[in-house]
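Hi,

Here is the structure I promised to pass on. Have a look at it first, and then read on for what I found when I went through it.

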Amino acid sequence: MFAFSIKRISQALFVMLIISFIGFSIRQQIGDPVRDLVGIRVSVEEREILRDKLGLNDPFAVQYIRFLGNALKGDLGHSFFFKKPTLEVILSKAPATLELVFVSSLLIIFMSIPLGIFAAIRPRHWFSRFSMGASIVGVSIPVFLTAILLIYIFSVELQWLPSYGRGETVNIGGWQSGLLTWDGLQHLILPSIALSSIMLPLFIRLIRSEMMEVLQSEYIKFAWAKGLRRRRIWFIHAFKNTLLPVITVGGVQLGILIAYTILTETVFQWQGMGFMFLEAVERSDTSLLVAYMVVVGALFVVVNTIVDLIYGLVNPMVRVTGRK
Amino acid sequence: MSHLLEVKNLEVRFALRFGDLTAIDGVSFTLDKGERLGLVGESGAGKSVTGFAIINLISKPGYISRGHILFDGENLAELPGEKMRDIRGNRISMIFQDPMMTLNPVLTIGTQMCETLMAHRNISRKQAEAVALEKLRKVYISSPEQRLSQYPHEFSGGMRQRIVIAIALLTDPALIIADEPTTALDVTIQAEIMDLLLELCASEDMGLILITHDLGVVSRVTEKIAVMYAGKIVESGPTENIITDPLHPYTKGLIRALPDPERRGQGERLQQIPGTMPTLTALPRGCSFHPRCEIKGGICEKEIPESRAVKGQKREVACHMAENPSPPPVYEREGA
Amino acid sequence: MKHYWRQFKSSYFLYSFRRDPVAVISFVILLLLILLSFSAPLIAPYDPYDTASIDIMDAEIPPAWMEEGNTAYLLGTDIQGRDLLSTIMYGMRVSVLIGCGAVILQAFIGIFIGLISGYAGGRLDAFLMRVADVQLSFSTMMVAILISAIFQVAFGVGKFEEMAVPLLVVIIGLAEWPQYARTVRASVLGEKKKEYVEAARVIGFGPLRIMFRHILPNTLSPVLVISTVQVANAVMSEAALSFLGLGMPVTKPSLGSLINSGFEYIFSGSWWITFFPGLLLVIFVLVINLLGDWLRDVLNPKLYKG
């Protein structure tokens, strides 16, 4: 298990190195750190002096090493629009996005597991057929359309739920949370449903197909032959084996939710990282854009590594012998 | 005296889109307490399906369409679900072919053993573990206390099959159905496992149905043999009689295909039965074996032979031509 | 040619297609949609690119069957006073073009990389597949959004909008190639072990010839299956990018940019500007997904799993 963890973590670090390199190259090509610092009202000579002072005329490799060093210290550049360090801007927006992803993940997990299991053990039941049919329709509806539909029904027509923003938030040690107020929770309902709508069908199908495959296996037949009760066979023998592939694929998929927050946040004007990112693109705020890339990249890598480690914990083959 | 198990006229069908397929067609046999029966035939002959039919575990779309399976006076073919469940793994245990696949990879050996006991007896995990330890010792697993918390992948194939046998023994069943229990193992371990099974059946007075394609194994282990071909029993009777004096041309072919230690090294090649077993979707008219049979007569292509008793012996054969065999047939070398 | 046609007519492929009503209906709808969109210049009642015919006074007219509807505009008009039906037909054409173009590009890149990776093996294989894995774990959506954001900042909004169609093809193509690469690599690995490849090598054929002439044809059925689904994905990606303002501009309508432009107006009750293009997008993607499902069942290739 130890060797396994070390291997996974070093792979993660390598991927981060590549991401930072790409990010750095982009900033070199299209960004202008001088403008980010002092704006555009500074004369050409003064800029040139500043460029020298900032080391912008140094060789590429030297600048990249410097960039890496700064990144490790938490300095990912300066946002031209916010006039603040980019990391600070991103971190102030992160809670909104993470809470949205968190609630959606909960929705996905608690909906897909029972539905997927049911569809696997009763494949001919009308409800299984219905959820399979509904899931392929669900996969075909883009997130932003689901979001718009939800807004039209619940905000415009029924006027039950708010259509944009996070509502009232509470500050807990710098973390702006909407989970603790009634208003905040109400604002969370539609965005989290919209965000989960993209992954829920995939998860139901994934759990169903993996579980059906497991149910065909010899050890399940043997479990039946042992005279075990069916609940035990379904939920202990079959489901535990279904979990392994579901964790590997599912964990990565939950990470992908972050990508879809950009769409969801746009529709609901949810003040998170995705919304901020699009604004940064509109304002050509290159430093912020690159910083977002690096932060989100890190988030993906961390999620994937954690998923791998959990997989190792659940799978006795890895846990005991360190093999994979 | 009534038999431990009496299978009568068993018919198993598979409901497929284009109609039903008969996988087992009128199979009958009996087994007494402590008796050992070998169910022999090529793969696809219906041996395994017969085994699963006894514990009523035929996977869909298969179902028992006719006949009955009397076990201890109860008809298993019609037993309601919960009662049947309590017989499975309790009164009748099953051993599967591939020990690498039969044990659940994510549960410990201890869990997989105890759960069986706890599904049938009202006992605690502690008590169950005590029984599990006793049975592990019976199958010669060393230091069983530590084994209980280990996972299947930490054992070799032979060890795993011992554990599977121990699981089958847990509830002191009256009957064990072993479906090719040694086929997936190394040759060196096969004999070891077979001997263990034989020893345990004798010492615990358990009935055994050994499903195998290997007549050689059967001849060493069982008292009775039933030879299956294309869903039917073509010949059955005491092992001795069948091995030394087979009547059905198929059985004869099987026996000729066995390596004979006395003739080893004399350059003699094993003989094989020409052709292959027909698929269930395309059974020939009349006797299913006639396209491969070298003593067939005109009637074989028209009428399905009924199983009939052989004079003077406790055995049955289903062949039109069997009792008046023409001079011993000569096979072409190397399968024509 | 005639021979092939007869062979096709009696094939299992066609037989199972005709037996599956869902596949047949999906196929008919798909064909209809593609026909409609590509014959837009011929049959659409108006030309949304012709600024002279557009009158802002006609903006936001509801569909013809509603009270304030105008029979001149069957599905109503959008915010600029364009006939919605015509705009959707033209928009759909753009979406389909981008979708197919992107799939051709990604198939090209992916098949090439997959073949090399599977055939060469070793370090090159490990490296290429690691890249594919990382890119997939970031999700194609994220990669597409990031690339288009970078392009937009690099080229400037004006230039980006000018070249939007080829740029989107490139963006989506670059984002989605790993799917192909992994699928092709998996089947190459399967084929490589087979005797005929060994035979070809013994005869002395070069690796390129073996790869393209011998192995490639055998990987086509999984490629066909993912291609259908990838077209649906590409159209969805295009719509998503356009919705975010990172794709087609409103002046050159695609389904996504139409939805985007209509979104602000659903609060004032003009639901149709968003609804009809959205519905069309969903139907288009749905029928492709259904066809893909059916194709997967029929061809049953061993797709590379997680």
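Predicted model: local features only at pLDDT ≥ 70, side-chain atom pairs only at ≥ 80, totals over all residues.

At what angle do helix 10 and helix 11 of chain A pack, and how far apart are their axes?

Now the helices. Helix 10 (residues 230-268) of chain A packs on helix 11 (residues 273-282) of chain A at about 85°, and the axes are 7 Å apart. The two helices are therefore roughly perpendicular to each other. On the helix 10 side, the contact is made by T261(A), I262(A), E265(A) and T266(A), and helix 11 of chain A brings in G274(A), F275(A), F277(A) and L278(A). Sorted by class, this contact has four nonpolar, three polar and one charged residues.

There is another helix pair in chain A that I'd like you to look at. Helix 1 (residues 2-30) and helix 4 (residues 60-72) of chain A have axes that come within 10 Å and cross at roughly 120°. These helices are therefore oblique to each other, and the crossing is right-handed. Helix 1 of chain A contributes S20(A), F21(A) and F24(A), while Y64(A), F67(A), L68(A) and A71(A) come from helix 4 of chain A. By class, the contact of helix 1 with helix 4 of chain A has six nonpolar residues, one polar residue and no charged ones.

While you are in that part of chain A, find L56(A), which sits in the loop between helix 3 (44-54) and helix 4. L56(A) is partly exposed, with 15 other C-beta atoms within 10 Å.

On to chain B, which has two sheets I'd like to walk you through. One is an open sheet of eight strands in the order 6-7-8-3-9-10-12-11, with mixed pairing. Strand 6 (92-95) and strand 11 (308-309) of chain B are its edge strands, each pairing on one side only. Further in, strand 7 (residues 175-179) and strand 8 (residues 207-212) of chain B pair in the parallel sense over five bridges.

Is strand 9 (residues 224-229) of chain B largely enclosed or left open by the rest of the structure? Six of its six residues are buried, so strand 9 of chain B is largely enclosed. Both faces are covered: K224(B), A226(B) and M228(B) are buried on one side, and I225(B), V227(B) and Y229(B) are buried on the other.

As for its partners, strand 9 of chain B pairs with strand 3 (residues 36-40) of chain B in the parallel sense over four bridges, and L37(B) stands opposite K224(B). Strand 10 (residues 232-238) of chain B runs antiparallel to strand 9, and six bridges join the two. Here V227(B) stands opposite E235(B). Strands 9 and 10 of chain B form a hairpin with two residues between them, and A230(B) in the turn has a positive phi of about 50°.

The other sheet in chain B is open too, with four strands in the order 2-1-4-5 and antiparallel pairing. Strand 2 (19-31) and strand 5 (74-75) of chain B stand at the edges with a single partner strand each, so one side of each is left without a neighbour in the sheet. Strand 1 (residues 5-16) and strand 2 of chain B pair in the antiparallel sense over ten bridges, and E6(B) has T30(B) in strand 2 as its bridge partner.

Last, how the chains meet. Two pairs of chains touch, and the most contacts are between chains A and C. Chains B and C do not touch, and their nearest C-alpha atoms are 13 Å apart.

The contact of chain A with chain B takes 18 residues from chain A and 24 residues from chain B. On the chain B side, helix 2 (81-87), helix 3 (99-102) and helix 4 (109-120) each supply at least two residues. Helix 4 of chain B gives the largest share, four residues. By class, the side of chain B that touches chain A divides into eleven nonpolar, seven polar and six charged residues.

Cheers

How values were computed. Residues numbered from 1 in each chain as written. Chains lettered and ligands numbered in written order. Contact = placed C-beta atoms within 7 Å. Nonpolar A, V, L, I, M, F, W, Y, C, P; charged D, E, K, R; others polar. Buried ≥ 20, exposed ≤ 12 C-beta atoms within 10 Å, placed from the backbone. Pairing = 2+ DSSP bridges. Axes fitted to C-alpha atoms, helices over the stretch in contact; angles between N-to-C directions. Parallel < 35°, antiparallel > 145°, perpendicular 65-115°, else oblique. Left-handed = near helix turned anticlockwise from the far one by under 90°.
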